Each structure stands twice: as structure tokens, then as C-alpha cells.
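Hi everyone, thanks for coming. Let me put the structure up, and then we can walk through it together.

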Protein chains: 2
Amino acid sequence: MAEESKKEKRTEIAEYGEFGLIEHLTKNAVLRNKSSIRGVGDDAAVIAAGDNDVKVVSTDMLVEGIHFDLSYHPLQHLGYKAVVVNLSDIYAMNAIPEQITVSVAISNRFSVEAMEMLYEGILAACDKYDIDLVGGDTSASNKGFIINITAIGHAAKDRIVYRNGARQGDLIAVSGDLGSAFLGLQILEREKQIFMENPEIQPDLEGEKYLVGRQLLPEARRDIIEYFEDLKFKPNAMIDISDGLSSDVIHICRQSGVGCVLYEEKFPVSEEARARAMKFNIPTSTAVLNGGEDYELLFTFPPEWKDKIEKHPDFSIIGYTTKASAAYTLKTPSGQVHPLEAQGWKHL
Amino acid sequence: MAEESKKEKRTEIAEYGEFGLIEHLTKNAVLRNKSSIRGVGDDAAVIAAGDNDVKVVSTDMLVEGIHFDLSYHPLQHLGYKAVVVNLSDIYAMNAIPEQITVSVAISNRFSVEAMEMLYEGILAACDKYDIDLVGGDTSASNKGFIINITAIGHAAKDRIVYRNGARQGDLIAVSGDLGSAFLGLQILEREKQIFMENPEIQPDLEGEKYLVGRQLLPEARRDIIEYFEDLKFKPNAMIDISDGLSSDVIHICRQSGVGCVLYEEKFPVSEEARARAMKFNIPTSTAVLNGGEDYELLFTFPPEWKDKIEKHPDFSIIGYTTKASAAYTLKTPSGQVHPLEAQGWKHL
């Protein structure tokens, strides 16, 4: 078999992990066109478009059984979410998404009606965020369901915010609340388990609407990019929270060459998440740091903007950046100090 | 299960087919941003970029077991081909590709070394066609291997060529030769069959390099777009041959509101393909019309350009467009007339 021809050595992909593998595989990729302003390594690529504008391009693949479970993820919601997670990457560059392309591979266990439900969700997200579906590909698969979306946005060249722009002494803020999507997922997984053991018992999601909704039907923070624009404010660095606060703040710090201190008591957590974390006996800070899929925006900015940023009811200032040698640190309310780790939720 | 909630009615996807399904699912997609110049329905989407330029975006998903077979498709070649088929879509718009993003989902049967081979092929294609790999996503899959590439090109706004620009009385030309990739695939499938029945017998591909190469390692026709530019020539309509001449010429005719007449004896067929088709007892015109994966360019143009187009050693004028009511017609050397059909190679 062709794929086995280098049989001498076999390195497992798990040894690298997702980020390490991409970095390893693309280390020989060079940018040779002057229109390629930024390549691999940020939320999205940046491509010159005319003298003053840029296009911003992000792509994400969602695989059944890995990223979603159709036994509790309705297809309309899945279509909506698949769009939103890509838009979130564009907003994280301080840009406005305008187009998407959608590729879908499906096995014949899916009907046309199932595909209609998926596209209903895709088009509902397009409607809500003023996005045009401009292209795509539909293909058979032997097994399972895969959806890949590419989002294209635009911005004035000087509005783009990268991950690597944080400066020592910046404040670190985050929008919305964190950890809810992760706890929503735990609820859905538990209900699935109960249902599989006894199909008579119907899932009880009463009172869990907020957490489950954050998992199944997240929104992207277009409003914040518009607020920044109105404020004539531009963060020094920004990323969206998809892998968990810990991984994502470390992405910014590492690429910017700074360290950070986060204060656990400043983490924005919903009442619902706090109550549910207690029931599940999961520390809320674990859900916040390692949960992911919040699609909130994490950004750093110079302290002189503190008053204006604090005024926004949806922002929490959770820490500050330090010199690189100070590493990535979490301070607990009791004054203890822990190192932040970047492994994301695989280590839970 | 959520996906079954519309259980009343189940329409099989096969009832629509690939093109019908995309059309059906995207019929409610509207273009609301003025930057979206052309959406679904051509080789690529067209997006405004500055005052005079456009970006051109195409996406393609390749699924193991559907689009490729790793038992005879070396991973380097697969990576190369996955890039080339997307570039071909950009050239078919008369545009120049500059960037790609690559999403890959892989099961743990693949090693890091296997991924290195894939990316070797991807980067070799980038090198050959001056493309920058600017982004991507790497994900686990439960089973099999899926690769999705999005290509982004650019052109001056007035250079873009659509499928729908053909006019009655245009001549129809095609680059290179057709049917070879399909015959290469038949050879590989036959050798695989023999090998599976008796693993002692090693594949005998001696003398089949050209046909097998057309299948495993196709090239895209960048040279032709550059030739058009030098000639200050612009086709009225253009498409790349991915589904087979029959389907692809009908795409142009249907979208342009014209009919066509093709002359079977004008079809460009390599010596190797002719000999192999005879051995396999497949009519060469079947390989040409229904084979696909040639990644040659099919274009229509006004008759006054005939002399200049004929001069290029790699172009064949194979027919002309007619009024719409004349339908899509094939004339054989003996003067017989057959209707062309759009079903592509699924009907072989």
C-alpha cells in the first residue's frame, strides 16, 4: 500500500497534538505572493485586496463523532453552529465576514430532508450575520458526515488585529461568560448515556436551556467588533475562545513574546454554569480554562483604555500581560499561584 | 434521534444527484453584500476586492473511498492533485490562483510520516504554481481520510470569464487531450483487482505511465490563461473538464441559453488512450464524454478568433454553439446524430 511505503518509522499523530502537527507540517510553507500578508498561525489568513483593504480567510472542518454527535445535535443547529464558529475567527481578526463556502460529505443514511435541515441552519446564520453563501461542494462519504466551511471577511488594512500584538503591561479582557458551552456538553453527554441505558427515559433538559444552548447554538460576537469601531478602539491582540481560555491566552502570549497573570475570581461565569459545575463536582475554573467552544473574544489593550472598556457591561478584565520570563500564571482568590497549561480540554 | 425528526418523508439524495442537490439546497441563498459579485453555480465565486480587482474562490472536498483510493494513490500525489483540481477551477474563471487553505481529517491509522508525504505533495504543487498555503485545519476522524482545499485567486474585474457567457454561433475549443485520466483509472482499478486476487502478482504499469499519470498527478492549465493574456483574448465562456466533456459542455450551454453541436472526430485523444480504450473495448468517445478528471479547459469564442486559436498546437476546435432549441448534439464521423447527456461517469 502506497501509504505504508515509509514503513521504517512511524510517529503517532498524538505525539504532536493538533497545533504541533499543523506547525510541523507547514514549517516549509513560504509566502511568495505579495498579496499574502499573513499565513498560517492566526485565527485567519490576511490577503491584500486593493490598496487599503484586506480579505481575511478562515476555514474549519467539523467531523461527526469528533466535533458533534447527531444523537443530540439537531441538524439545523449544527448548520448554524458550523457557520458561527467560522465567523468567530473572522471577528477575532477585527474584521467583518461577508461570504462563506460550504463543503459537505454525507453517506446515504442521510436524506434530502436531512440536508434541507442542515441548510436551513446554515442560511439562518447567514441571515442573522449578513453573510452570503457563495459556493461549495457536496460529496458522498462511505461513513459519517463532514462539513467544512471557509469564511471570507474584509477590513481596512490598519484595523486588523493579530494574536502577536500584545505588549508587556497590557490588560487582558474577555467578552461574555466562559465555561457554559462545556457544561452544556456534559449535560448532553450525561442525558445520552441515560437514554442509551434506558430508552424509556426521555432527556430532561428543563432548566438547562442556557447551558445547552451555548453548546448547540453558539453566537459570534459581531456586536463587539462594531462596538470597537464606534469607540475608535483597536485591541493590541485578539483571539476567539474556541479551545479554552488557557490555551487561547497562551496562544496570544507565546506569539507576542509576553507572559501573563490571570485572576481566577475575575473569570466571568454564568449563574447556571456555577450551579451546574457544583452539581457535577467540576471546579468552575476548569470549565473556564479548559472547556472551550465559548466563541467569546479575548483581547489585550493598553491600560489607558481601562475605564472605557470597563464601562461595557459585557467585558471582564481578567488579568494583565507581563514580561515573557514571568510565564503564564493563574492566581486563585486565596493567593495561590498555578501555571496555566495549553493542552486544552483533552487533559480533563 | 434529532436527524430523524422529520420522519414523515424521506427522499434519497440519489434522486437529485450532485448538481441537483446543490441547486436545491442553495435555491434560497440570496446575495446581500455588494462585494458578492457571483455566488453558487460557476467554477468559483467572485468577490469584489478594491475598485478594479476581484478575488475568485473555489472549494473542493476529496473523500477516501469516493474520490481516491490510497491502495494505488501515493499520498504525495494525492496532496498534489488535491491542490491542482482547485487551481483548475480558478484558471477556468480566467483568474490566477495565489492562496490555498487546507483542511484534513485523519484517523489514527495515519502516522505523522504519512501526513508529511501528503504535505510534500501539497507544497510541491504550491511551488510549481506559485501558491501560498495560508491556513487550514487538522482534525481527527473516526474512519478514513478527508481533505478539503479552498483556493483563492485574483483577476482584473473585466478579465473574469463565466460559464454563462457563450453566444449562439461561438466556436467551442478544448485544450490538451481528453479521456486519458479515465483510462488511467481503469488501469489502476484492474491492477488492484488482480493484486487483491493474487498478492504475488505485482502491478504491471510499464508503458502506462502517461495514462496513469493523468489520473494520479494531473496538472492545471495555467499556461493557457497566460497565453490568453498575451493574446489579449478573452473567451465568452469557460469551464474546466472535471466531470467529463458531456456534462461540462452542457453546464456552459444551459447557463448561457444556447445549444451545441460537437464533432466526435475532432475530439483530442492521445495515442495511449486510443490504444488502451481499444484493449478495454471502451469507445474512446465514452472516455472523452463521460470520463472526467482531465482538468483541461473548455471555452467558447467568436469565429473571428478561429485562426489565432487554431495556431496554438494544444487547442482543438470541437464544435460550435447553436440556438437553445437545437439541444446538445454529438455528430459521429458516419454522420449519425446523438443527444449529449449530462449524467457524467456515474452512468457508465
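This is a predicted model: local features need pLDDT of at least 70, side-chain atom pairs count only at pLDDT 80 or more; totals for chains, interfaces and linings use all residues.

Residues are numbered from 1 along each chain as its sequence is written, with chains lettered from A and ligands numbered from 1 in the order in which they are written.

Back to our helices. The axes of helix 2 (residues 75–91) and helix 3 (residues 112–129) of chain B come within 6 Å and cross at roughly 40°. Axes are lines fitted to C-alpha atoms, for helices over the stretch in contact, with angles from 0 to 180 degrees between N-to-C directions. The contact includes B:Leu78 and B:Val83 from helix 2 of chain B, and B:Met117 and B:Ile122 from helix 3 of chain B. Contact means C-beta atoms, placed from the backbone, within 7 Å.

Now the sheet. Chain B has an open sheet of 6 strands in the order 1-2-3-6-4-5, with mixed pairing. Strands 1 (36–38) and 5 (132–140) of chain B stand at the edges with a single partner strand each, so one side of each has no neighbour in the sheet. From one strand to the next, the twist averages 25°. Strand 3 (residues 53–63) and strand 6 (residues 145–156) of chain B pair in the antiparallel sense over 11 bridges; DSSP must find at least two bridges for a pair. Helix 2 of chain B packs on this sheet, touching strands 3, 4 (96–106) and 6 of chain B.

Finally, the two chains together. Their contact takes 82 residues from chain B and 81 residues from chain A. Strand 5 of chain B gives the most to chain B's side, with 9 residues.

And confidence? The model scores ipTM 0.92 and pTM 0.93. Chain A has a mean pLDDT of 92, on the predictor's per-residue confidence scale from 0 to 100. Over residues 344–348 of chain A, though, the pLDDT is below 50. Thanks, everyone!

Note on methods
Helices (H or I, at least four residues) and strands (E, at least two) are DSSP runs, numbered from the N terminus. Two residues are in contact if their C-beta atoms, placed from the backbone, lie within 7 Å.
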